[in-house]
Amino acid sequence: MLLKLGKSKEAYLPVGDRLSLNKSLELRVLSKYLELRPGESILDVACGSGYWTRRLAAAHGCAAVGIDVSEREIATAQRHHSGKHCTYLLSPAETLPFQAESFDKVISVCALEHFSSDTAALEEMARVLKPNGILARSVDSMSGPFVTESYRKWHAQEHFVRNYYDLDSIRTKLQDAGFQLLEHRYLLTSRFTSWAFRLNRRYRFPVVFFIPLLHPLSRFSDALNGSHEGGLILALKAKKCERRTVGELA
């Protein structure tokens with residue numbers, strides 16, 4: 001969130017990034033999948049404001065590049081989250097402006113479902129990754145046992161979602177793009193978390209004040225009563241591989 005300080009100054013407050021039931025969890029899981037090392041290069045596809053891009057780069061000593069199609073988000077990232085190790089570019093995921101094998105790792109947080117072509121986006125991520133490079137991404141799944149069809153329809157319309165993914169469908173997409181699926185984990189998997197997530201999405205402003213309470217309750221509920229067969233979000237780790245070995249899945 002941008003806070004205007006007079007006519008020419010502004011401050012960035014990471015309210016939307018920090019006060020979320022899912023963002024910090026997704027980044028924690030995906031960061032573990034990436035196994036980042038100092039000096040590695042990482043591409044953040046659909047980086048948004050750049051808040052998490054900068055945190056990843058700073059925490060692991062990496063050189064990060066973030067891309068997004070939103071001029072406003074990229075402008076925010078360039079003003080507030082750029083630096084020695086972070087740069088940002090305006091670009092669609094389907095046509096990345098980088099040479100082949102430019103990055104050690106690629107991350108993308110709940111963005112694939114919004115792209116005009118998820119197939120082209122995955123192929124581009126594979127193209128810019130170095131051999132055996134790692135892709136860590138999360139996607140909207142809405143496959144939990146407590147997700148109703150009416151909520152899926154509302155969520156898709158409200159958030160411009162083109163596709164939802166379960167493990168089988170995303171596995172096929174990854175294979176076709178030249179990736180080998182290594183690990184996966186469904187996130188936000190319990191009845192309570194599903195209810196809290198829907199509440200947060202429908203009534204974002206008033207509910208945001210209760211996130212500090214809902215967050216630990218959600219994690220506890222997922223650990224106690226969560227499902228391993230579905231969830232609101234699916235996190236994935238995949239490796240770029242030779243086409244002849246794509247079908248050899250873990």
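**Exercise 1. Locate R72 and classify its exposure.**

Solution. R72 is part of helix 4 (residues 71-80), where helices are DSSP runs of H or I of at least four residues, strands are E runs of at least two, and both are numbered from the N terminus. The model is predicted: local features need pLDDT of at least 70, side-chain atom pairs count only at pLDDT 80 or more, and totals for chains, interfaces and linings use all residues. Residues are numbered from 1 along each chain as its sequence is written, and side-chain values use heavy atoms, with hydrogens and water left out. The relative accessible area of R72 is 67%, so R72 is exposed (buried means under 20%, exposed over 50%, partly exposed in between, with a 1.4 Å probe and protein chains only). Finally, the C-alpha atom of R72 is separated by 8.4 Å from that of S49, 23 residues apart along the chain.

**Exercise 2. Describe the chain as a whole.**

Solution. The secondary structure comprises 10 helices and 9 strands. Of the 250 residues, 50% count as buried. Among contacts between residues at least 6 apart in sequence, 76% join residues at least 24 apart (contact means heavy atoms within 4.5 Å).

**Exercise 3. Determine how helix 5 packs against helix 7.**

Solution. The axes of helix 5 (residues 118-128) and helix 7 (residues 167-177) come within 9 Å and cross at roughly 50°. Axes here are lines fitted to C-alpha atoms, for helices over the stretch in contact, and angles run from 0 to 180 degrees between N-to-C directions. Helix 5 is therefore oblique to helix 7 (under 35 degrees is roughly parallel, over 145 roughly antiparallel, 65 to 115 roughly perpendicular, and the rest oblique). The crossing is right-handed; a crossing is left-handed if the near helix is turned anticlockwise from the far one by less than a right angle, and right-handed if clockwise. Helix 5 contributes D118, T119, L122, E123 and A126 to the contact, and helix 7 contributes K173, L174 and A177. By class, these are 4 nonpolar, 1 polar and 3 charged residues (Ala, Val, Leu, Ile, Met, Phe, Trp, Tyr, Cys and Pro count as nonpolar, Asp, Glu, Lys and Arg as charged, and the others, Gly among them, as polar).

**Exercise 4. Repeat the analysis for helix 8 and helix 10.**

Solution. Helix 8 (residues 191-202) and helix 10 (residues 211-225) pack at about 150°, with axes 8 Å apart. Helix 8 is therefore roughly antiparallel to helix 10, and their crossing is left-handed. The contact involves F192, T193, W195, A196 and N200 of helix 8, together with I211, L214, L217, S218, S221 and D222 of helix 10. Its composition is 6 nonpolar, 4 polar and 1 charged residues.

**Exercise 5. Classify the aromatic pair of Y51 and W52.**

Solution. The whole structure contains 4 aromatic pairs (rings of Phe, Tyr and Trp, the last by its six-membered ring, pair if their centres lie within 6.5 Å; planes under 30 degrees apart are stacked, over 60 edge-to-face, and the rest tilted). Y51 and W52 form an edge-to-face pair, 5.1 Å centre to centre with 85° between the planes. Y51 is buried at 8% relative accessibility, and W52 is buried at 14%.

**Exercise 6. Examine phi at E101 and C110.**

Solution. Most residues other than glycine have a negative phi. E101, not a glycine, has a positive phi near 60°. E101 is placed in the loop between strand 5 (86-90) and strand 6 (103-109) and is partly exposed, at 43% relative accessible area. C110 also is not a glycine, and its phi is positive at about 40°. C110 lies in the loop between strand 6 and helix 5; its relative accessible area is 14%, so C110 is buried.
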